[in-house]
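Dear colleague,

I am passing on the structure we spoke about, together with some notes on how its chains meet. Please look through it before you read the notes.

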Amino acid sequence: MSLLEVDRLGMHYGQGRRVTEAIRDLSFAVERGELVSVIGPSGCGKTTLLRCIGGLLAPTSGAVVLRGEPVTGPPDEMAVVFQEYNRSLFPWMTVRQNVAFPLRGKGLTKHARRERGEEAIAAVGLTRSLDHYPWELSGGMQQRVAIARALAYQPSVLLMDEPFASVDAQTRADLEDLTLRVRDEFGVTIVLVTHDIDESVYLADRIVVLSPAPGRVQETVRVELPKPRDQIETRTLPEFTELRTHVHRAVKRPPEGV
Amino acid sequence: MRRRLLAASLELGVPVVLVAGWWLWSTRSESFYYPPLPDILSTFADTWLFERVADDVLPSLARLAAGFTIAAIFGIGLGLALGLSRPARLTLAPTVEFLRAIPTPALIPVAIVLLGIGDTMRVTIIATACVWPILLNAIDGVAGIDTTLVETARSYRVRRLDRVRWVVLPAALPQIFAGMRTSLSVGILVMVVSEMEASTNGIGFFVLQSQRTFAIPEMWSGILLLGILGYALNFGFTRIERRVLRWHRGWRASALGAA
Amino acid sequence: MSAISRRAVARRLSPPERSYGALGVVGTVAALELLTRGEVVASRHFPPPSATFRTLGGLLDSAEFWGDVGSTLQGWGAGLALAFAIAVPLGVTIGSSAVLYRALRVPIEFLRPIPSVALIPLVILVYGSGFESKLFLVVFGASWPLLIQTIYGMQDADPLALDTARAFGLGPVARFARVTLPGAAPYIATGLRISSSVALVLAVTAELVIGADGLGRSISLAQESAAVELMYALVVVTGIVGWLLSSAFAGAERRVLHWHTAHRRLEAAP
């Protein structure tokens with residue numbers, strides 16, 4: 001049984017004549033320890049999909065199944081990293097407080113929460129900034145804090161919604177490598193939504209390509225590039241270019257029956 | 001450098017010139033209603049430094065503090081509840097709209113009928129005046145909270161109570177403080193009016209009484225005191241606000257910079 | 001909806017939701033009616049709403065009543081107009097000159113928090129107990145929000161827009177009229193809304209404390225002669241007047257703000 005299954009997921013908004021269908025009949029599975037990247041053209045419903053998986057949005061049809069149990073609300077084992085770190089990290093809390101905050105509901109002592117928080121921050125290399133406020137840090141550092149917060153939560157599945165879209169290219173490369181390191185060190189399964197084709201090929205074990213709205217799975221691409229991935233080495237491999245061209249074509253291809 | 005010196009001297013110089021002008025004009029003028037400034041100042045020292053503080057200033061301030069605090073607790077509490085619940089908000093909106101449009105001084109006679117003439121009445125009327133800006137701003141602040149903040153908290157399964165205490169309330173606090181600032185001015189106004197209308201002590205009472213007994217320099221000293229108090233309370237409040245909302249300024253600055 | 005902001009009611013109201021507000025009003029009035037009829041609240045202190053409304057209905061025939069309403073509105077209107085005529089030009093002048101602003105900032109900061117009601121005794125001495133006292137008080141109190149807001153508005157002129165105008169060859173007067181003033185308009189609209197409510201409060205206060213003609217005075221008289229139902233009816237009327245005025249100004253403000261860019265300071269909704 002897969003760790004996470006998306007089963008004929010569908011989501012539409014509105015009523016009567018003004019119905020918008022964001023995703024339709026979407027199905028794919030994620031195995032333990034995989035990094036699956038979800039990619040598609042603008043407006044294909046990637047974010048809606050992620051929110052449904054994360055239990056933040058109830059789908060209108062189909063289901064998300066985690067370890068055999070349907071997801072009806074934010075599951076205990078999942079954590080989300082949002083794109084806008086500036087609006088996701090709490091500006092009235094320090095980095096330390098932000099990272100430890102979600103641990104409140106986990107029945108840990110104050111000391112344990114503090115320790116876990118510090119460990120997570122160390123894992124992303126921001127121990128020096130523990131007592132700063134998030135807005136005192138650069139964009140890349142803020143997103144690291146968001147990742148640390150997710151790590152401290154010790155989820156089995158990490159959902160990332162275009163997490164590196166709001167940072168510059170070099171910072172993005174660092175954060176991509178951080179994500180891979182985190183996956184290797186903590187063994188967490190990752191579903192990462194992105195619009196950046198290069199990024200999806202670089203990071204993923206499998207890429208799920210969505211069709212334009214209403215989104216459904218256009219194609220699933222297996223990425224067999226060698227590990228550990230390297231920003232320079234991996235990207236110069238001919239297989240990399242092949243894969244990205246393939247994915248690019250898949251993204252651009254009109255959906256069946258159109 | 002010279003510019004800064006010029007600016008500083010303007011800032012200091014103008015008030016000095018104005019006060020000097022008042023001094024000169026009032027000493028020259030024969031008007032009964034505008035006694036010389038030196039007289040006002042000496043009366044001020046005699047009256048307020050420290051004789052009548054217990055009799056009038058403290059009661060006034062105590063009423064204001066009590067009324068304001070009650071208004072804050074009630075306003076923030078109800079504001080949270082209504083901000084979080086759209087149905088409740090929609091249901092109460094027209095009623096709240098109407099009630100808060102009643103100019104509070106018009107309610108003083110009502111308060112007298114319901115509560116008699118005493119400190120309960122005065123504190124109640126001050127609280128009534130102060131509650132509306134706080135309530136409305138709390139509702140706005142809570143209802144307008146950034147959805148990403150709330151979604152983040154929800155995604156981490158933060159319990160409702162913790163969410164309200166640690167996410168909703170801080171996020172709404174800047175707006176609540178803006179409301180409290182308005183409430184402070186309104187509260188001072190209503191405190192003075194309630195003391196003029198129906199009281200036997202307090203600064204407002206003193207000022208009106210002085211006018212009635214033609215103790216003009218005393219009246220002016222009271223007006224001066226009210227001005228100083230208004231300024232001091234505002235100043236103090238701004239200081240507190242700045243401290244509590246330190247994070248807000250920094251966050252907005254960085255957000256605007258990035259945007 | 002003027003006070004509870006549009007954001008708070010942002011999503012369009014679904015059909016059932018549309019009736020919530022009305023239900024709330026009806027429910028409140030009904031609850032009060034029951035409480036007062038059942039003497040849970042002593043009805044000599046707080047008559048049943050039905051009695052108050054009946055008295056209100058009776059008032060509509062009274063010339064004296066309308067005279068009161070007129071007096072209050074006169075004080076409010078004349079005072080607000082004068083305050084506008086004084087404060088806005090002054091604000092424009094101060095706001096467009098850095099020197100003037102630096103010079104006057106401190107005095108304004110000191111004078112501004114003075115509760116205008118502190119001047120009531122002085123006003124009584126100088127102007128007596130009539131209309132002029134009320135007018136003076138209203139003008140003094142209502143000028144400050146307008147002045148402050150106008151100054152903010154002048155200072156908030158978008159430098160980029162001004163540069164663009166200059167690049168298009170617009171002279172200083174044209175720039176002022178076409179860029180700066182329209183840019184300040186939302187602030188002035190906000191100032192007008194705040195000042196309008198201050199003006200009404202001060203008008204009623206003057207009537208209450210000084211004894212000028214108007215609703216405030218009649219409410220006070222009704223209370224003194226224990227005409228409780230009349231008092232409540234007049235209070236309701238005052239509320240209606242306040243509500244109509246504030247809705248009008250809030251609506252106007254919203255319309256002016258509608259096209260303005262989103263560089264707004266955190267403004268309190270008073």
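This is a predicted model: local features need pLDDT of at least 70, side-chain atom pairs count only at pLDDT 80 or more; totals for chains, interfaces and linings use all residues.

Of the 2 pairs of chains in contact, chains B and C share the most contacts. Chain A and chain C, by contrast, are joined by no contact, and their closest C-alpha atoms lie 12 Å apart.

Between chain B and chain C, the contact involves 64 residues of chain B and 67 residues of chain C. About 5,800 Å² is buried between these two chains, and 72% of that area is on carbon and sulfur atoms. On the chain B side, B:E11, B:R86 and B:E97 supply 11% of the area that chain B buries against chain C, which is more than any other three residues. By class, the side of chain B that touches chain C divides into 44 nonpolar, 12 polar and 8 charged residues.

The contact between chain B and chain A takes 22 residues from chain B and 28 residues from chain A, and the area buried between them is about 2,500 Å², of which carbon and sulfur atoms give 61%. Across this interface the rule finds 4 salt bridges; one of the salt bridges joins B:D162 to A:R104, with the closest N and O atoms 3.7 Å apart. The count of residue pairs in polar contact between chain B and chain A is 11, again with both residues at pLDDT 80 or more. On the side of chain B that touches chain A, the elements giving two or more residues are α7 (147-155), α8 and α11 of chain B, and α7(B) gives the most, with 7 residues. The residues of that side divide into 11 nonpolar, 5 polar and 6 charged.

Helix α4 (residues 63-96) of chain C packs with helix α5 (residues 98-111) of chain C at an angle of about 115 degrees, and their axes are 6 Å apart. In this contact C:T93, C:I94 and C:S96 of α4(C) meet C:A98, C:L100, C:Y101, C:L104 and C:I108 of α5(C), and by class the contact has 6 nonpolar, 2 polar and no charged residues.

Lastly, chain A contains 9 helices and 10 strands. The radius of gyration of chain A is 18 Å, close to the 18 Å that the globule rule gives for 258 residues, so chain A is as compact as a globular protein of that length. Taken along the principal axes, the C-alpha atoms of chain A fill a box of roughly 55 × 45 × 35 Å.

With best wishes

Terms used
Residues are numbered from 1 along each chain as its sequence is written. Chains are lettered from A and ligands numbered from 1 in the order in which they are written. Side-chain values use heavy atoms; hydrogens and water are left out. Contact means heavy atoms within 4.5 Å. Buried area is the accessible area (1.4 Å probe) that two parts lose on being put together, summed over both. Ala, Val, Leu, Ile, Met, Phe, Trp, Tyr, Cys and Pro count as nonpolar, Asp, Glu, Lys and Arg as charged, and the others, Gly among them, as polar. A salt bridge is a side-chain nitrogen of Lys or Arg within 4 Å of a carboxyl oxygen of Asp or Glu. A polar contact is a pair of N or O atoms within 3.5 Å; within protein, one must be able to donate a hydrogen and the other to accept it, and residues adjacent in sequence count only if both atoms are side-chain atoms. Helices (H or I, at least four residues) and strands (E, at least two) are DSSP runs, numbered from the N terminus. Axes are lines fitted to C-alpha atoms, for helices over the stretch in contact, and angles run from 0 to 180 degrees between N-to-C directions. The radius of gyration is taken over C-alpha atoms; the globule rule is 2.2 Å times the number of residues to the power 0.38.
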